[in-house]
Amino acid sequence: MRHFGLICLFVGLVATLWAQGDVADVPAQTLYANDDRNKMYFLIGLRKDAQPPKEGYRLLLILPGGDGSADFLPFCKRIYKFALNQGYLVAQLVAPKWSEDQFNQVVWPTKQLNWQGAKFTTEEFIEAVIADVKKRHPIDSRYVFALGWSSGGPPIYSAILQKETALRGAFIAMSVYKPNQLPSRENARGKAFYLLHSPEDFIPIRMARQAETDLSKHGARVNLQTYEGGHGWHGNVYGMIREGVLWLERQVGN
């Protein structure tokens with residue numbers, strides 16, 4: 001039995017290394033904003049002895065879909081490696097689990113869609129991570145964006161629509177849009193939203209179209225793009241993400 005256990009451990013380790021083989025060269029640190037163990041995030045892309053860009057790193061926060069867990073680290077590393085230029089750092093937030101039944105209802109609790117027992121909202125988590133990264137490394141505050149898909153989309157809508165936020169742009173994919181669960185859309189003015197949605201998604205594309213109309217009407221810059229394949233990442237995934245981030249950069253630059 002002991003040998004069988006060792007074999008299983010070895011097979012599991014090999015499988016993990018194989019799954020991350022193409023991003024084995026991408027560094028990632030496990031950090032905690034405000035030294036709070038519930039505010040866990042991975043800082044991806046900081047290379048040892050690397051000199052920061054003259055104006056500071058650009059920062060992309062990622063709120064994964066699904067259960068928002070640490071298991072998305074390899075995918076987030078691939079986003080860093082294949083979709084972004086070397087002037088970026090990526091902060092992947094890990095969704096805190098406040099109770100056993102929480103993720104059946106809401107993965108990322110917000111101010112309008114809270115969860116009993118949650119010690120902080122996702123909006124507060126996002127701002128805490130941005131502040132924590134800024135304390136550690138020089139960041140170009142003009143280029144602080146958030147990427148979220150599926151369950152990770154609604155909290156990004158909510159975070160960037162706060163009256164006070166360090167976020168300058170949002171990339172939201174395959175997500176619901178529920179205005180009654182969001183802050184005032186008046187706070188959208190001057191901010192940039194890149195929306196990505198498949199017409200075959202079980203989440204109706206009318207939600208993304210409503211977001212485009214609603215946010216544009218309130219002074220935001222909005223770009224809605226579609227892709228084939230339904231819910232989930234399909235096709236040229238990293239090319240689509242790169243295109244969205246470049247669009248956000250141009251809006252902020254203007």
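How many aromatic pairs does a search of the whole structure find? The search finds 13, where rings of Phe, Tyr and Trp (its six-membered ring) pair if their centres lie within 6.5 Å. The close-ups below come from a predicted model, in which local features need pLDDT of at least 70, side-chain atom pairs count only at pLDDT 80 or more, and totals for chains, interfaces and linings use all residues. Residues are numbered from 1 along each chain as its sequence is written, and side-chain values use heavy atoms, with hydrogens and water left out.

**View 1. Helix H2, residues 73-83, and its buried residues.** Nine of the eleven residues here are buried, so H2 is largely enclosed by the rest of the structure. Buried means under 20% relative accessible area, exposed over 50%, and partly exposed in between (1.4 Å probe, protein chains only). Helices (H or I, at least four residues) and strands (E, at least two) are DSSP runs, numbered from the N terminus.

**View 2. H2 crossing helix H6, residues 237-253.** The two axes come within 9 Å and cross at roughly 65°; they are lines fitted to C-alpha atoms, for helices over the stretch in contact, with angles from 0 to 180 degrees between N-to-C directions. H2 and H6 are therefore roughly perpendicular to each other (65 to 115 degrees). On the H2 side, the contact (heavy atoms within 4.5 Å) is made by Phe75, Arg78, Ile79, Phe82 and Ala83, and on the H6 side by Val237, Tyr238, Ile241 and Arg242. Seven of these contact residues are nonpolar, two are charged and none is polar. Ala, Val, Leu, Ile, Met, Phe, Trp, Tyr, Cys and Pro count as nonpolar, Asp, Glu, Lys and Arg as charged, and the others, Gly among them, as polar.

**View 3. The Phe120 and Phe125 pair.** These rings sit edge-to-face (planes over 60 degrees apart), at 5.6 Å centre to centre and 65° between the planes. Phe120 is buried at 9% relative accessibility, and Phe125 is buried at 0%.

**View 4. The Trp149 and Trp233 pair.** With centres 5.7 Å apart and planes at 75°, this pair is edge-to-face. It links distant parts of the chain, 84 residues apart: Trp149 lies in strand E5 (residues 139-149), and Trp233 in the loop between strand E8 (221-226) and H6. Trp149 is buried at 5% relative accessibility, as is Trp233 at 18%.

Terms used: Angles under 35 degrees count as roughly parallel, over 145 as roughly antiparallel, 65 to 115 as roughly perpendicular and the rest as oblique. Rings of Phe, Tyr and Trp (its six-membered ring) pair if their centres lie within 6.5 Å; planes under 30 degrees apart count as stacked, over 60 as edge-to-face and the rest as tilted.
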